[in-house]
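Here is a short report for a reader new to this structure.

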Amino acid sequence: MEILVGKRTHVEAITEIFNHYILTSNARFEEEIFTYENRLEWFLQFNPDTRHQIYVAQTHNEVLGFACSQPYRPSMAFSETVEVTIYLRENTKGAGIGTALYTSLFSALSTQRVHRALCGIALSNDASVNFHRRFGFSEVGVFNENVRAC
């Protein structure tokens, strides 16, 4: 397995991975699957020389998963805050791929001006919560369905 900077040629596989989660879980909140075209537009935000980066895990030219850092909010106050995301092919979980992806992503981000990295996890997902805790994340709040939050 190798960890690579995401390239345009990876977008089709990334789209397949996203769509698996849209169709089979509550990890994503989209109501329709992604298209190659809208994921290609999304992909254009990434650049290895900025705080917005994407890495893929690949073996034998098959993308096994990806991790990325994206803008959190379009306000200057959050310009040094990133939201991180990681998704793996279902049949690859527990093989260390997520750890390798986040290790590469956070190593690259350590050379950028990043004040804070955030993630959002749709509950219940103990595996993702525990995985993120291993990388130093802690829970700061929960959005509930029937409660106002501020």
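## A residue in the sheet

A67 sits in strand β3. The model is a predicted one. Is A67 buried or exposed? Its relative accessible area is 0%, so A67 is buried, the cut-off being under 20%. Leaving aside residues up to four places away in sequence, A67 touches Q53, I54, Y55, T85, I86, L101, Y102 and L105. A67 and A122 are 55 residues apart along the chain. Their C-alpha atoms are separated by 17 Å.

## The sheet

Which order do the strands take? The order is β1-β2-β3-β4-β5, in an open sheet of five strands. The pairing is mixed. Strands β1 (2-5) and β5 (116-118) stand at the edges. Each has a single partner strand, so one side of each has no neighbour in the sheet. On average, neighbouring strands are turned by 25° against each other, direction ignored.

Strand β4 covers residues 81-88. Strands β4 and β5 run parallel and are joined by three bridges. E83 stands opposite L118 in β5.

Helix α3 lies across this sheet. The strands it lies across are β1, β2 (54-59), β3 (62-71), β4 and β5. Helix α3 runs at about 155° to β4.

## Two helices in contact

Two numbers describe a pair of packed helices: the angle between their axes and the distance between the axes. Helix α3 spans residues 97-109. Its axis and that of α4 are 11 Å apart, at an angle of about 40°. The two helices are therefore oblique to each other. Their crossing is right-handed.

Which residues make the contact? From α3 come G98, T99 and Y102. From α4 come F131, H132 and R134. By class, the contact has two nonpolar, three polar and one charged residues.

Helix α4, residues 126-134, is where H132 is placed. H132 has 5% relative accessibility, so it counts as buried. Not counting residues up to four places away in sequence, H132 touches I86, Y102, C119, I121 and F137.

## Backbone details in the loops

What is the form of the peptide bond from L123 to S124? That bond is cis, with omega near 5°. S124 lies in the loop between β5 and α4.

The loop between β2 and β3 holds H60. N61 is found in the loop between β2 and β3 as well. H60 is not a glycine, yet its phi is positive. N61 is not a glycine either, and its phi is positive too. The table sets out their values.

| Residue | Phi | Relative accessible area | State |
|---|---|---|---|
| H60 | about 50° | 78% | exposed |
| N61 | about 65° | 71% | exposed |

Why does H60 count as exposed? Its relative accessible area is 78%, and exposed means over 50%. The value for N61 is 71%, so N61 is exposed by that cut-off too.

## Putting it together

Helix α3 lies across the strands β1 to β5 and packs against α4. Y102 of α3 takes part in the contact with α4. Buried A67 belongs to β3, whereas exposed H60 belongs to the loop between β2 and β3.

Methods:
Residues numbered from 1 in each chain as written. Predicted model: local features only at pLDDT ≥ 70, side-chain atom pairs only at ≥ 80, totals over all residues. Heavy atoms only, no water. Helix = DSSP H or I, 4+ residues; strand = E, 2+ residues; numbered from the N terminus. Buried < 20%, exposed > 50% of the residue type's maximum accessible area, 1.4 Å probe, protein only. Contact = heavy atoms within 4.5 Å. Axes fitted to C-alpha atoms, helices over the stretch in contact; angles between N-to-C directions. Parallel < 35°, antiparallel > 145°, perpendicular 65-115°, else oblique. Left-handed = near helix turned anticlockwise from the far one by under 90°. Nonpolar A, V, L, I, M, F, W, Y, C, P; charged D, E, K, R; others polar. Pairing = 2+ DSSP bridges.
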